[in-house]
2 protein chains.
Amino acid sequence: MTAPRTPTRNRRAEILQAAAELFAARGFHGVSIEDIGSAVGVSGPAIYRHFSGKEALLSEILLDISERLREQGARLVTEPDAPAGSAYARAALDALLRGHIDFALANPALIRVHERELDNMPEPDRRRVRRLQRLYVEEWVTVLSELYPDCPPARLRAATHAVFGLLNSTPRSAGELPPEAMAPLLHGMAVASLAVLT
Amino acid sequence: MTAPRTPTRNRRAEILQAAAELFAARGFHGVSIEDIGSAVGVSGPAIYRHFSGKEALLSEILLDISERLREQGARLVTEPDAPAGSAYARAALDALLRGHIDFALANPALIRVHERELDNMPEPDRRRVRRLQRLYVEEWVTVLSELYPDCPPARLRAATHAVFGLLNSTPRSAGELPPEAMAPLLHGMAVASLAVLT
DNA sequence: CGGCGATGTTAGTCATCATTAACCGGCTCG
DNA sequence: CGAGCCGGTTAATGATGACTAACATCGCCG
């Protein structure tokens, strides 16, 4: 059996997930390596067999989140040969919304970490995450500028951040509503709020 | 001159403000007492002449924010003898929105701290802050239930959290738009997003 | 004047942590 | 079989950082 192979892979993933949840709950500096270790049943320095340090954990978590969001966005927006029509743009916005909402509802802890811990990341990786975030925002802005051509980009960007705030409220309204009810609510609210950009 | 009186009052306020800004920028655990001291020109343990400890600083900051929001909300909603009509409710919602938006635009750092640092507060005060937050949310829910009587409370609460997320996006979209443009944009987006509750 | 309360200062003290060292069992592969 | 890596373990080690002690200044009030 590939006993050593698979378990190793699992350990890494387990650690990342546990770390993400702990960071979400108590913040990067509020969590010790020992905490992370015992969350996965090993103790303390065992973490260093899988990651070079605490910051490396955060880097990997944040890069993964940013890449997932950006890549998802890029896939949805760039895939067809983009007739650049208003109808196409509406569908693209819909896809962006759906993707972001699904992610936020499925991973409230990751959303929280993504929103709060950028500053605690080591410089080179922080820049990469910021770049990915910027690209993701620009995808939204591109789609929105198709739908609201008279709206200045700064306004579109501000509105995009506002919509992200709305969608990323999932960690705070956890449990109020089941996801099946939450998703359409957020979708509807987002679309309606963007309609004021006309 | 009242040299000792006024300076003291100022020091306290100075410290609170500096601490709030530092907490907003680097997180509670990312800031040392020494940092806070030097931000106001004294060094380190001088802080203990004004506050009993680091947590006391956070407590005072968060309690102040929560109280300001709640009190502002209560004032606007409870003041007249509440004819309980839809027109009155619309005005109340408007007032709540205006109050929250003004606060968020004037104090992005405080909004950030309020959103991120609840967990780092000592237990008894944390409960008080949570209570104030709950009361504030319930004020919104009360007004909204007047406007959308067929909407179940859980849905109203979820929508309220979503709107808070939208309004509290100010720290992230800082600088995109001047406040004079930001305020009506957020107001419009919030009102429009809530209209889906019908 | 003399003392005292409010504010600071600098030098500990004590915990907490990230990270490293030194050591070990077991699985695989030659 | 046996060498070696993989993943763990438990003890340092070294910083950092909250908080306390002991001592200084200074303006006011008696």
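This is a predicted model: local features need pLDDT of at least 70, side-chain atom pairs count only at pLDDT 80 or more; totals for chains, interfaces and linings use all residues.
Me: What makes up the secondary structure of chain A?
Reply: Chain A has eight helices and zero strands, where helices (H or I, at least four residues) and strands (E, at least two) are DSSP runs numbered from the N terminus. Along the sequence the pattern reads α-α-α-α-α-α-α-α. The C-alpha atoms of chain A fill a box of roughly 55 × 35 × 35 Å along the principal axes.

Me: How many residues of chain A are in contact with chain B?
Reply: Contact means heavy atoms within 4.5 Å, and 35 residues of chain A are in contact with 35 residues of chain B.

Me: What is the buried area between chain A and chain B?
Reply: The two chains bury about 2,700 Å², 63% of it on carbon and sulfur atoms. Buried area is the accessible area (1.4 Å probe) that two parts lose on being put together, summed over both. In chain A, the residues that lose the most area to chain B are Arg116(A), Glu176(A) and Met189(A), together 20% of what that side buries.

Me: Why is the pair Arg157(B) and Glu176(A) called a salt bridge?
Reply: A salt bridge is a side-chain nitrogen of Lys or Arg within 4 Å of a carboxyl oxygen of Asp or Glu. The closest N and O atoms of Arg157(B) and Glu176(A) are 3.4 Å apart, so the pair forms a salt bridge. Across the interface of chain A and chain B the rule finds six salt bridges; over all chains the count comes to 29.

Me: Which helix gives the most to the side of chain A that touches chain B?
Reply: H7(A) does, with 10 residues. By class, that side of chain A has 16 nonpolar, nine polar and 10 charged residues. Here Ala, Val, Leu, Ile, Met, Phe, Trp, Tyr, Cys and Pro count as nonpolar, Asp, Glu, Lys and Arg as charged, and the others, Gly among them, as polar.

Me: Why are H4(A) and H5(A) called roughly perpendicular?
Reply: Their axes, lines fitted to C-alpha atoms over the stretch in contact, come within 5 Å and cross at roughly 100°. Angles run from 0 to 180 degrees between N-to-C directions; those under 35 degrees count as roughly parallel, over 145 as roughly antiparallel, 65 to 115 as roughly perpendicular and the rest as oblique. H4(A) and H5(A) are therefore roughly perpendicular to each other.

Me: Which residues of H4(A) and H5(A) meet?
Reply: Phe103(A), Ala104(A), Leu105(A) and Ala106(A) in H4(A) meet Pro108(A), Leu110(A) and Ile111(A) in H5(A). By class, this contact has seven nonpolar, no polar and no charged residues.

Technical notes
Residues are numbered from 1 along each chain as its sequence is written. Chains are lettered from A and ligands numbered from 1 in the order in which they are written. Side-chain values use heavy atoms; hydrogens and water are left out.
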